[in-house]
Amino acid sequence: MLEVLHSLLFSTLDAAPALIFAALGAVLSERAGVIAVGIEGMMRVGAFCAAVAALVMPTPLAVVMGMLAGAALAGVHGFLSIRWRSDQVVSGIALNLVALAGGTFLLESLYGPNGTPSIQQLPRWNLPGLSSIPVLGALSGHSAPTYLALLLPFAFQGLLTRTPLGLRLRAVGDKPQAVATLGLSVPALRWGAVLGSGLLAGLGGAVLSTAVLDRFEQHTPAGLGFMALAAMVFGRWTPVGAFLAAAFFAFGNALRIGLVSSAPGLVELIPQGVLLALPYLLTLVVLTLQGQRSSAPAALGTPYEQESR
């Protein structure tokens with residue numbers, strides 16, 4: 001029993017960071033009033049650029065390149081939704097489609113349909129004294145992004161709730177006109193949030209290709225960006241809430257892997273497609289339970305027009 005719990009916890013900690021970073025990015029953008037539908041595309045671009053960069057440079061530096069790639073795509077979203085006040089949902093969907101088609105085209109043109117060549121994964125850290133402890137030993141043996149993903153949500157929560165910058169970010173998503181009357185720039189605050197969300201989403205994608213896998217594959221990130229949006233909604237647009245929801249979804253994925261490996265007979269009874277869909281089914285169940293309860297920012301998705309002050 002302890003071995004099963006150890007395996008589930010270890011797999012959850014391996015799968016969770018990418019989802020957590022993307023969910024935090026979505027929280028940051030939407031708290032500032034900009035819808036983050038394009039998180040999936042930012043993750044895909046970050047994963048691809050990190051995997052390609054890792055072929056010619058150290059993997060940690062390649063992760064930074066993936067973050068910058070995610071921020072670059074977020075910049076396009078910011079330009080469309082903040083500068084030109086386009087429909088934010090349409091803009092996000094367009095970015096997802098461009099990232100999907102562009103990533104597939106570049107992958108097949110440069111490396112073939114099976115993915116990029118294998119890269120050097122991020123090093124894993126063994127925490128002294130934990131490896132021999134039942135269950136808790138699962139906390140050891142992960143890469144640096146895993147431990148960052150466990151700490152960042154609480155730091156982010158403190159930033160949003162206990163600092164002037166956090167107050168301004170939340171205010172610009174609720175009452176942007178009130179923020180403008182204080183002499184603050186609403187577009188600048190929203191630009192910062194959108195670019196920050198791109199950095200976090202790019203980091204999530206980079207973690208997928210450099211820590212979870214050792215390459216970029218054609219299906220990456222396989223809907224994790226949309227799961228991150230679900231985690232944000234279920235977490236009521238709070239960093240810690242999104243973190244807990246993302247961890248729950250990652251546990252669903254770990255449970256699927258555990259069922260397949262520990263109970264191979266299930267594959268004969270339950271179609272493989274059902275097991276593969278388990279994390280996404282959990283997402284739908286969670287959103288159904290959420291119902292109409294919402295804590296979304298009041299000005300979410302509403303373009304700011306300076307003359308409306």
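Predicted model: local features only at pLDDT ≥ 70, side-chain atom pairs only at ≥ 80, totals over all residues.
Helices are DSSP runs of H or I spanning at least four residues, numbered from the N terminus.

A nonpolar patch on the surface is formed by Leu61, Val64, Met65, Leu68 and Leu199, which together present about 390 Å² of accessible area. The largest contribution to this nonpolar patch comes from helix α3, spanning residues 59–83, which supplies four residues. Leu199, a further member of the patch, is located in helix α8, which covers residues 186–212. Leu199 is classed as partly exposed because its relative accessibility is 31%, and patch membership requires a value over 30%.

One cavity of 30 Å³ or more was identified, and about 40 Å³ of space lies within the largest cavity. The lining of the largest cavity consists of Asp14, Arg124, Ser143, Thr146, Val207, Ala211 and Val212. Of the elements involved, α8 gives the most to this lining, with three residues.

The loop between α8 and α9 contains Pro221, which is joined to Thr220 by a cis peptide bond with omega of about 5°. Ala222 lies in the loop between α8 and α9 as well, and its phi is near 55°, a positive value in a residue other than glycine. With a relative accessibility of 32%, Ala222 counts as partly exposed.

Helix α9 comprises residues 224–234 and is largely enclosed by the rest of the structure, because eight of its eleven residues are buried. The buried positions in α9 are Leu224, Gly225, Met227, Ala228, Leu229, Ala230, Ala231 and Met232; buried here denotes under 20% relative accessible area.

After α9 comes Arg236, for which phi is positive. The phi value of Arg236 is near 60°, and the residue is likewise other than glycine. Arg236 is placed in the loop between α9 and α10, the latter covering residues 239–262. The relative accessible area of Arg236 is 33%, so this residue is assigned to the partly exposed class.

Note on methods:
Residues numbered from 1 in each chain as written. Heavy atoms only, no water. Patch = residues over 30% accessible without salt bridge, like charges linked within 9 Å, V, L, I, M, F, W, Y side chains within 5 Å. Areas by Shrake-Rupley, 256 points an atom, 1.4 Å probe, with all protein chains shown as cover. Salt bridge = Lys/Arg side-chain N within 4 Å of Asp/Glu carboxyl O. Helix = DSSP H or I, 4+ residues; strand = E, 2+ residues; numbered from the N terminus. Buried < 20%, exposed > 50% of the residue type's maximum accessible area, 1.4 Å probe, protein only. 1 Å grid on protein atoms, 1.4 Å probe; cavity = no way out; pocket = protein on both sides within 12 Å on 5 of 7 lines; lining within 4 Å. Points joined across faces, edges and corners; volume = space filled by probe spheres on them.
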